[in-house]
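This report looks at aromatic rings and their neighbours. The sequence and the structure come next.

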Amino acid sequence: MKTETDRSALASPEPDGSGKKRNPILRFLGEMPGLIIMSLILAILIKTFLIQAFYIPSQSMEDTLRINDRVLVSKVPYYFHDPQRGDVIVFSEPDPAKQPQRSFIGGIAHWVFEGIGVQKPDNPDFIKRIIGVPGDTVWGKNNKVYVNGVAIHEPYVKGTTTDFNKVTVPPNMYFVLGDNRQESMDSRFGLGVIADPKNMPGIGFVPRDDIIGKAWVIVWPKDHWARL
């Protein structure tokens, strides 16, 4: 049976080693730097190997994705298999602009906040839908896209698809299109398969190594939440 002295000892703050009672608030503040560092390390590991948040900067994937949507991109599926036709993928900017100058701490903070979808990236990565995988022959004719001679079903497309010439996807490369074909800078540009009076810089084929992951859910805004 515990005495009053025992209960009083249990309720009292722990001594700090000098015989004095240590204030629990001060103890928490002392532990806070370690907790912050552990949280940053965990966020970096999750962003690097598992899931990353991305901001949608343009209308190229409307109506599937709208400007300012935030999506979660999973890197896990492509550890086990290659990207597949129909996947909505995020891939690295093929011609990144010069990064602004930041301190070491500022660079780490920007990288973490960008990864959780709070801060816009300096060079927005592309998000498109895979239409052709390595070895496929792809072309567009009469508002339809053909893959290996078969017109594919595309209920997600907004507007019309401009005709483009046949192209065969090389090994370790992917042919991607935006769902909003009239407003999308995608694989049609940069390969010479489509008339381009503005001579716009294109992305051409997307290398396998540039693919970051598969977009699988819209998390913001809440009224646009959906699986992809």
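## Aromatic rings in the model

F164 is buried, with a relative accessible area of 3%. The model is a predicted one. F175 is buried as well, and its relative accessible area is 0%. Both values fall in the buried class because that class takes in residues under 20% relative accessible area.

Rings of Phe, Tyr and Trp count as a pair if their centres lie within 6.5 Å. By this rule, the model has four aromatic pairs. Two of them are set out in the table.

| Pair | Distance between ring centres | Angle between planes | Class |
|---|---|---|---|
| F91 and F126 | 5.5 Å | 15 degrees | stacked |
| F164 and F175 | 5.7 Å | 20 degrees | stacked |

Planes under 30 degrees apart count as stacked. The planes of F91 and F126 are at 15 degrees, so this pair is stacked. F91 lies in strand β3 (residues 88–91) and F126 in strand β4 (residues 126–132). The two residues are 35 residues apart, and their pair links distant parts of the chain. F91 and F126 are both buried.

The planes of F164 and F175 are at 20 degrees, so this pair is stacked too. F164 belongs to strand β8 (residues 164–168) and F175 to strand β9 (residues 173–177), so the pair ties together parts that are eleven residues apart in sequence. Together with F205, F164 and F175 form one aromatic cluster.

Which charged ends sit over the rings of Y156 and W139? Over the ring of Y156 sits the charged end of R129, 3.7 Å from the ring centre. Over the ring of W139 sits the charged end of K166, 4.4 Å from the ring centre.

How values were computed: Residues numbered from 1 in each chain as written. Predicted model: local features only at pLDDT ≥ 70, side-chain atom pairs only at ≥ 80, totals over all residues. Heavy atoms only, no water. Phe/Tyr/Trp six-rings, centres within 6.5 Å; stacked < 30°, edge-to-face > 60°. Helix = DSSP H or I, 4+ residues; strand = E, 2+ residues; numbered from the N terminus. Buried < 20%, exposed > 50% of the residue type's maximum accessible area, 1.4 Å probe, protein only. Lys NZ or Arg CZ within 6 Å of the ring centre and 35° of its normal.
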